[in-house]
Amino acid sequence: MFPLYDINHARRPAFVVKGLVFFNALAFLWQLSVGLEWSAQVYGFIPALFFQDPVGQGYRLLTSMFLHGSFFHILSNMWFLWVFGDNVEDRMGHGRFLLFYLLGGLAAALAQGLFSLTSTIPMIGASGAVSAVLGAYYILFPRAYVVSVILFVFPLFVTFPAGFYIGYWAFLQLFQGLLGLPGVAWWAHLGGFLFGALMARRFAPRWRRW
């Protein structure tokens with residue numbers, strides 16, 4: 001199931017979401033110019049290096065969340081951010097949302113690192129931070145609706161409550177993480193999601209009544 005849009009109107013423009021999409025796209029263009037593999041090795045999060053020298057290698061926690069490994073990788077991450085991020089930003093406010101997003105990405109990278117302490121494979125991508133956004137959406141807007149497409153022989157368009165859709169997504173991350181399927185940082189997704197779910201209300205002030 002791939003989300004097309006949510007039925008949940010935001011009250012304010014999502015300036016931070018748009019800025020994050022822009023900077024991720026800009027970073028990907030830079031990666032294409034210098035080489036995807038080289039940029040991942042130099043700026044990706046490598047658990048073995050980080051846990052040997054957390055201070056010297058700490059920059060990788062931040063830089064890794066703006067790098068991607070393919071067009072599909074960046075497009076899928078930015079699309080999920082675009083669909084779910086505007087409402088979370090609207091609820092939190094621009095500054096709080098940016099801090100929340102960055103901290104979510106850091107938490108996701110550390111979660112993945114704890115499950116692969118000696119790994120020398122670079123971890124890159126915004127999916128951990130985006131997973132934090134999904135966790136916040138799950139808590140803040142569980143009754144909103146998400147319109148998704150399921151591709152069989154022909155596309156099937158279905159509408160689910162956000163709580164069900166995101167809950168199903170989180171279950172898949174856990175299931176695939178337990179299976180140990182390679183190529184995707186499943187524990188980063190779960191770490192980001194848990195951070196978002198646990199911290200959502202701390203970053204989101206109550207609605208003001210006008």
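1. Let me start with S39, which sits in helix 2 (residues 36–43); helices here are DSSP runs of H or I with at least four residues, strands are runs of E with at least two, and both are numbered from the N terminus. S39 is buried, at a relative accessible area of 0%. For that word, the cut-off is under 20% relative accessible area, while exposed is over 50% and partly exposed lies in between (1.4 Å probe, protein chains only). Once neighbours within four places in sequence are set aside, S39 is in contact with W30, Q31, V34, G44 and L67, where contact means heavy atoms within 4.5 Å.

2. A word on the basis of these notes: the model is predicted, so local features need pLDDT of at least 70 and side-chain atom pairs count only at pLDDT 80 or more, whereas totals for chains, interfaces and linings use all residues. Residues are numbered from 1 along each chain as its sequence is written, and side-chain values use heavy atoms, with hydrogens and water left out.

3. On to the charged side chains. How many salt bridges does the count come to? The count is two, taking a salt bridge as a side-chain nitrogen of Lys or Arg within 4 Å of a carboxyl oxygen of Asp or Glu. In one of them D90 pairs with R11, with the closest N and O atoms 3.8 Å apart. That pair links distant parts of the chain, since D90 belongs to helix 6 and R11 to the loop between strand 1 (2–7) and helix 1, 79 residues apart. D90 also meets R12 in a salt bridge, at 2.9 Å from N to O. Through shared partners, R11, R12 and D90 join into one network.

4. R11 is partly exposed at 48%, and R12 is partly exposed at 36%. As background, side chains of opposite charge can pair when their charged atoms come close.

5. Helix 7 (residues 94–114) has 21 residues and reaches 30 Å from its first C-alpha to its last, close to the 30 Å expected at 1.5 Å a residue; the expected span is 1.5 Å times one less than the number of residues. Its buried residues are F97, F100, Y101, G104, G105, A108, A109, A111, Q112 and G113. The cover over them includes helix 1 (15–34), helix 3 (47–52), helix 5 (59–63), helix 6 (71–92), helix 8 (127–140) and helix 10 (186–203).

6. Buried in helix 9 are A162, G163, Y165, I166, W169, A170, Q173 and G177. These residues pack against strand 1, helix 6, helix 8, strand 2 (145–151), strand 3 (155–161) and helix 10. Just after helix 9, G180 has a positive phi of about 75°.

7. M1, F164, Y168, F171, F175, L179 and L181 make a nonpolar patch of about 680 Å². Of these, F171 lies in helix 9 (residues 162–179) and is partly exposed, with a relative accessible area of 49%. Patch residues have over 30% relative accessible area and no salt bridge, with like charges joined within 9 Å and nonpolar side chains (Val, Leu, Ile, Met, Phe, Trp, Tyr) within 5 Å; areas come from the Shrake-Rupley method with a 1.4 Å probe, and for residues only the protein chains shown count as cover.

8. Two more residues deserve a glance. A185, in the loop between helix 9 and helix 10, counts as buried at 17% relative accessibility. Beyond its neighbours within four places in sequence, A185 is in contact with Q112 and M123. Q57, in helix 4 (residues 54–57), counts as buried at 16%. With neighbours within four places again left aside, Q57 is in contact with L49 and F50.
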